[in-house]
Amino acid sequence: METYNNVVLEQLPKHLKRYVVAQQYERYTALDQALWRYVMRQNYAFLKDVAYYPYIPGLKKAGLSIEHIPDLQQMNDSLKLIGWGAVTVDGFIPPAAFMEFQAHRVLVIAADIRQLEHIEYTPAPDIIHESSGHAPIIGEPDYAAYLQYFGEIGTKALSSGKDFELYEAIRHLSILKEDITTTAEELTAAEKQLQIVQDNMGAPSEMALLSRLHWWTVEYGLIGSLDDPKIYGAGLLSSIGESASCMQECVPKIPYDLNAVDYPYDITKPQPQLFVTTDFEHLKVVLDQFADTMAFRIGGKQSLDKAIDGQAVCTAVYSSGLQVSGIFKAANADIELSYLQTKGGTALAVSGRQLVEHGTDYHTEGFGSPVGRLAGAVKDLEDFSEAELSKINIIVGKRCSLVFSSGIVVEGVVLKIIRNVDKVILISFGDCEVYRDKDEEIYFRSEWGTYDMAVGREIVSVFAGAADKDAYEPIVEPMLEKTILLDSKAEEIGLVANHSAIQELRKEPVVLPEAWSSIFDQLTTADVDNWLALTELFEIAWAHEAYDLVSKAENKLMEFVQLYPNVRKLIEDGIRVAKELGLNNQM
């Protein structure tokens, strides 16, 4: 993985590095560069008045230019000065991974760029959204702190199986929308499948609810007063269509609070309402309010039940500090949690570091252990001293019998006692049986081998993923689809060539009428996509005060407006910005 000489990227854990792909800057065509430039010029012209104040200087601070698609080396050279980094990935990545990158102060940027027909907005992540949307605001310390904190909270959020179905459906649709070979039938089928998944999600998981808070703040947030809000959400900052329409009075502006979790969102449509925060500190207050309802802060049986429902790798933390990572399953029907049980590869850890000889290669079939106090005990077993352990015969080489207040019995020969600082966290037994009723409720039989008993009065936290992700061998659902970078359509080849010629023309200190006219003559109204190249020619002629060429370009652009009403606003905005900004903005 390329780290761009940025220590933030060098310190990324290996389980995240697998999502990173090479940017391959050379694959961006002249058409791609023109598309970037058009969007950024429009953003600059409009957002300087409605974006939260650090946005414009933030472009420079993030290593971005209006004139060309960002190079990841340049971005990292700038971002590392404020303690952040950036990597390119293949489209949508799992929400948990996205959140963890954020927690490590790394911006995840899709390597692709949207198609010209989606210039105003695309539901697919692309380099315009991720870099021009997220990066410029990173230079604001309070916002950067919120973004990192959100990542830390989001990394712990429990997901459901339905969440992964939704993720795959969205990813599939986004890929099809940006694939030049997609048929109308394929697109309709994908949209229908996404709707089916959305309609059958059931009760939203922690991750689903947290994603709503992320959407209404990081992606589509407004800041300031209800009467005069400013844009800071990346989805708005990178959408030349919605950044303007969202400020209209017909889009309700609601004070941001925890009630935002009750508002689902649709990535394929303009937002029906937006939320306004007074400041970035308020975002953290609301996030903390939600975090207080999450399993990683609550613990107990209700939190473990969420993990069981999700059927993904999670970690349960005993009060002793022992962390058990695996896929959890129901062990009994007690009202109070009395026994914890996993299935398949399981690992034990403390403070995020896997215990020696207690990885998934050892606990291959799962792990189970009582939770609670010993019957009649006035002190938690985790807090017993050596003398107190000896009194109840927990001595290496001795047989003992432990009866928990739940009625669960552990009988066996003590093989090993593991402590962490002043806490007993694990006791291993040989020739062991664990049961509550020898005829019905058997948890472990002596012929199964060594029994490792976790020690702890209660489960104080349950969170998503493994405690030591790099040591754990996670059961990760494969990305079923990859974003495939395809060559241009045949009809785009000539368009790319024209944009390449325009790039060269732009470098000239004076307008070259013959070269200008040669390109102009190829931009017929037969292809709607020619509007962008024609707009660029208008910019060049206007900047050099070649008004005869300006008139020719403007007249033909008006023909496009008449023939293709759907590009009217794009053309009119292009003309307006060309007149306002000139040819080369100095940003």
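Mentor: Let's go from the overall picture to strands and then to a pair of helices. Keep in mind that this is a predicted model.

Trainee: Okay, how many helices and strands does the protein have?

Mentor: The count is 22 helices and 18 strands. The C-alpha atoms fill a box of roughly 100 × 50 × 45 Å along the principal axes. Of the 587 residues, 54% are buried.

Trainee: Now the sheets. What holds strands together in a sheet?

Mentor: Strands pair through backbone hydrogen bonds, and the pairing is either parallel or antiparallel. Here, take the open sheet of 3 strands, ordered S1-S2-S3, with mixed pairing. Its edge strands are S1 (20-21) and S3 (106-110), each of which pairs on one side only.

Trainee: In which sense do S1 and S2 pair?

Mentor: Antiparallel, over 2 bridges, with S2 covering residues 85-89. To find the spot on your screen, look for valine 20, which stands opposite valine 89 in S2. Helix H5 (residues 72-79) packs on this sheet and touches S2 and S3. The direction of H5 makes about 155° with that of S2.

Trainee: And where can I see parallel pairing?

Mentor: Go to strand S7 (residues 274-277). Strand S4 (residues 222-224) pairs with S7 in the parallel sense over 2 bridges, and leucine 222 stands opposite valine 276. Strand S6 (residues 253-255) also pairs with S7 in the parallel sense, over 3 bridges. There, lysine 253 stands opposite leucine 274.

Trainee: Which way do the side chains of S7 point?

Mentor: The general idea is that side chains in a regular strand alternate between the two faces of the sheet. In S7, Leu274 and Val276 point one way, while Phe275 and Thr277 point the other way. Are they buried or exposed? All of them are buried.

Trainee: Last one: how do I read two helices packing together?

Mentor: Check the angle and the distance between the axes. Helix H8 (residues 141-156) and helix H14 (residues 280-291) pack at about 15°, with their axes 9 Å apart. Angles under 35 degrees count as roughly parallel, so H8 is roughly parallel to H14. The crossing of H8 past H14 is left-handed.

Trainee: Which residues make the contact?

Mentor: From H8, they include Tyr146, Phe150 and Ile153; from H14, Leu283, Leu287 and Ala291 are among them. The contact residues of H8 and H14 divide into 9 nonpolar, no polar and 3 charged.

How values were computed. Residues numbered from 1 in each chain as written. Predicted model: local features only at pLDDT ≥ 70, side-chain atom pairs only at ≥ 80, totals over all residues. Heavy atoms only, no water. Pairing = 2+ DSSP bridges. Helix = DSSP H or I, 4+ residues; strand = E, 2+ residues; numbered from the N terminus. Contact = heavy atoms within 4.5 Å. Axes fitted to C-alpha atoms, helices over the stretch in contact; angles between N-to-C directions. Parallel < 35°, antiparallel > 145°, perpendicular 65-115°, else oblique. Left-handed = near helix turned anticlockwise from the far one by under 90°. Nonpolar A, V, L, I, M, F, W, Y, C, P; charged D, E, K, R; others polar. Buried < 20%, exposed > 50% of the residue type's maximum accessible area, 1.4 Å probe, protein only.
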